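Student: I have a model open on my screen and would like to walk through it with you. Shall we start?

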Amino acid sequence: MTQACHRKCVPPFYKESELSKGECVCLDRCVAKYLEVHERMGKKLTELSLQDEELLKRMQQGSGTA
(Lines give C-alpha, C1' and ligand atoms only; values in the text may rest on other atoms or scores of the structure.)
Protein backbone atom coordinates (compact mmCIF):
# COMPACT_ATOMS: atom_id res chain seq x y z
CA MET A 1 0.00 0.00 0.00
CA THR A 2 2.74 2.44 0.97
CA GLN A 3 4.73 1.89 -2.20
CA ALA A 4 1.69 1.87 -4.47
CA CYS A 5 0.24 5.08 -3.07
CA HIS A 6 3.63 6.81 -3.01
CA ARG A 7 4.26 5.83 -6.64
CA LYS A 8 0.80 7.05 -7.65
CA CYS A 9 0.71 10.35 -5.74
CA VAL A 10 4.25 11.64 -5.32
CA PRO A 11 6.37 12.53 -8.37
CA PRO A 12 9.82 10.88 -8.54
CA PHE A 13 11.63 14.23 -8.51
CA TYR A 14 10.91 16.32 -5.43
CA LYS A 15 10.51 20.07 -5.82
CA GLU A 16 9.97 20.77 -2.12
CA SER A 17 10.74 18.99 1.14
CA GLU A 18 7.05 18.93 2.14
CA LEU A 19 4.15 17.26 0.35
CA SER A 20 1.84 19.56 -1.57
CA LYS A 21 -1.86 19.76 -0.73
CA GLY A 22 -2.71 17.77 -3.88
CA GLU A 23 -0.23 15.05 -2.96
CA CYS A 24 -1.64 14.82 0.56
CA VAL A 25 -5.21 14.55 -0.74
CA CYS A 26 -4.14 11.89 -3.25
CA LEU A 27 -2.38 9.88 -0.52
CA ASP A 28 -5.38 10.14 1.81
CA ARG A 29 -7.75 8.86 -0.86
CA CYS A 30 -5.38 6.10 -1.95
CA VAL A 31 -4.91 4.81 1.60
CA ALA A 32 -8.65 5.04 2.27
CA LYS A 33 -9.35 2.88 -0.81
CA TYR A 34 -6.82 0.26 0.29
CA LEU A 35 -8.27 0.15 3.80
CA GLU A 36 -11.83 -0.16 2.50
CA VAL A 37 -10.88 -3.04 0.21
CA HIS A 38 -8.96 -4.71 3.06
CA GLU A 39 -12.03 -4.47 5.31
CA ARG A 40 -14.36 -5.85 2.62
CA MET A 41 -12.03 -8.74 1.91
CA GLY A 42 -11.74 -9.56 5.60
CA LYS A 43 -15.52 -9.68 5.97
CA LYS A 44 -15.91 -11.85 2.88
CA LEU A 45 -13.18 -14.26 3.97
CA THR A 46 -14.78 -14.56 7.40
CA GLU A 47 -18.14 -15.26 5.77
CA LEU A 48 -16.63 -17.93 3.52
CA SER A 49 -14.80 -19.51 6.44
CA LEU A 50 -18.04 -19.76 8.43
CA GLN A 51 -19.78 -21.34 5.44
CA ASP A 52 -16.96 -23.88 5.10
CA GLU A 53 -17.20 -24.76 8.79
CA GLU A 54 -20.96 -25.25 8.49
CA LEU A 55 -20.55 -27.45 5.42
CA LEU A 56 -17.88 -29.52 7.18
CA LYS A 57 -20.18 -30.02 10.19
CA ARG A 58 -23.00 -31.16 7.93
CA MET A 59 -20.73 -33.58 6.13
CA GLN A 60 -19.45 -35.01 9.41
CA GLN A 61 -22.99 -35.38 10.76
CA GLY A 62 -24.10 -37.07 7.54
CA SER A 63 -21.28 -39.60 7.56
CA GLY A 64 -21.78 -40.31 11.27
CA THR A 65 -25.38 -41.46 10.81
CA ALA A 66 -24.64 -43.82 7.88
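This is a predicted model: local features need pLDDT of at least 70, side-chain atom pairs count only at pLDDT 80 or more; totals for chains, interfaces and linings use all residues.

Student: Which elements give two or more residues to the largest nonpolar core?
Tutor: That core has 5 residues, namely Cys5, Cys9, Val10, Leu27 and Cys30. The elements giving two or more residues to this core are α1 (2-9) and α2 (21-64).

Student: What radius of gyration does the protein chain have?
Tutor: Start with the secondary structure: the protein chain has 2 helices and 0 strands. Its C-alpha trace spans about 75 × 15 × 10 Å along the principal axes. A compact globule of 66 residues would come out near 11 Å, but the radius of gyration of the protein chain is 22 Å.

Student: Is Ser63 buried or exposed?
Tutor: Ser63 lies in helix α2. The cut-off for exposed is over 50% relative accessible area. Because Ser63 has 53% relative accessibility, Ser63 counts as exposed.

Student: How many Å apart in space are Ser63 and Tyr14, C-alpha to C-alpha?
Tutor: In sequence, 49 residues separate Ser63 and Tyr14. In space, their C-alpha to C-alpha distance is 66 Å.

Student: What share of the residues in the protein chain is buried?
Tutor: Buried means under 20% relative accessible area. Of the 66 residues in the protein chain, the buried ones make up 9%.

Definitions and conventions: Residues are numbered from 1 along each chain as its sequence is written. Side-chain values use heavy atoms; hydrogens and water are left out. Helices (H or I, at least four residues) and strands (E, at least two) are DSSP runs, numbered from the N terminus. The radius of gyration is taken over C-alpha atoms; the globule rule is 2.2 Å times the number of residues to the power 0.38. Buried means under 20% relative accessible area, exposed over 50%, partly exposed in between (1.4 Å probe, protein chains only). A nonpolar core is a set of buried Ala, Val, Leu, Ile, Met, Phe, Trp, Tyr and Cys residues joined through side-chain atoms within 4.5 Å.
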